[in-house]
Amino acid sequence: MGKLLLLNGPNLNRLGKREPDIYGSETLEDIKEKIIATIEPYQYQVDAKQSNHEGQLIDWIHEADKCYQGIIFNPGAYTHTSIAIRDAISSVDVPVIEVHISNVHKRESFRHTSMLASVCEGQIVGLGSKGYQLAAMYFIK
Ligand code: CA2
């Protein structure tokens, strides 16, 4: 059985509750269920975690090393600011895909830069919640 980690950063616990025009109407629970439906036929399972705290996300990235085949990570606004999360990703072997629901390149210029993309396996932006499923499929061997 393969294992993936679905990791979401700050404010993403609000998904489905506000700003549906930007982030859609699905909740994190809906997104997790869709990933399960996508990967179950391939004998993969997913654990889901969300935190609004940088240090907590860093601890979970460290703990994920050697336990998961991949991390599907929406780092929220920490994408644009966090060298500490970048260093955490660099410190582990588990591959990370950075996912953004919205197309950050169509938005404010401060969202155009990612501190993390260059230490991630890849990046998916602007494909809505489907981006999480596409990232999960990438990790299926
Ligand atoms: O598009 C994405 O997935 C983002 O990672 C979302 C972050 C934003 O800071 C990034 O630039 C792009 C914000 C997440 C906030 O989520 C909310 C969800 C519902 C209502 C309000 C905020």
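**Ligand surroundings and annotated residues**

Of the 17 residues around the ligand, those coming nearest are Asn74, His80, His100, Ile101 and Ser102 (near: a heavy atom within 4 Å of the molecule). The model is predicted: local features need pLDDT of at least 70, side-chain atom pairs count only at pLDDT 80 or more, and totals for chains, interfaces and linings use all residues. Residues are numbered from 1 along each chain as its sequence is written, and side-chain values use heavy atoms, with hydrogens and water left out.

Polar contacts are pairs of N or O atoms within 3.5 Å. Asn74 places a polar side-chain atom 2.8 Å from an oxygen atom of the ligand. A polar side-chain atom of His100 also lies 2.8 Å from a ligand oxygen atom. Ile101 uses its backbone: a polar atom there is 2.8 Å from an oxygen atom of the ligand. On its own the ligand has 510 Å² of accessible area, and the protein covers 93% of it (Shrake-Rupley method, 1.4 Å probe).

UniProt, in an unreviewed entry, places the feature "active site" at Tyr23 and His100. UniProt positions follow the numbering used here, feature names are shortened, and annotations may be inferred rather than shown by experiment.

Tyr23 lies in helix 1, and His100 lies in strand 4. Helices (H or I, at least four residues) and strands (E, at least two) are DSSP runs, numbered from the N terminus. Tyr23 is partly exposed, at 24% relative accessibility, whereas His100 is buried, at 5%. Buried means under 20% relative accessible area, exposed over 50%, and partly exposed in between (1.4 Å probe, protein chains only). With residues up to four places away in sequence left out, Tyr23 is in contact with Leu15, Ile101, Ser102 and Arg107 (contact: heavy atoms within 4.5 Å).

His80 is found in the loop between strand 3 (70–74) and helix 4 (83–90). His80 counts as buried, at 13% relative accessibility. Beyond four places in sequence, it touches Val104, Phe110, Arg111, Thr113 and Met115. Ile101 lies in the loop between strand 4 (96–100) and strand 5 (122–125). Ile101 is buried too, at 7%. Its contacts beyond four places in sequence include Leu12, Tyr23, Asn74 and Tyr132.

Two backbone angles remain. Most residues other than glycine have a negative phi. Glu19, not a glycine, has a positive phi of about 50°. Glu19 lies in the loop between strand 1 (2–8) and helix 1 (20–23) and is partly exposed, at 44%. Lys66 has a positive phi near 75°. Lys66 sits in the loop between helix 3 (54–64) and strand 3 and is exposed, at 67%.

Terms used:
Polar contact = N/O pair within 3.5 Å; in protein donor to acceptor, adjacent residues only side chain to side chain.
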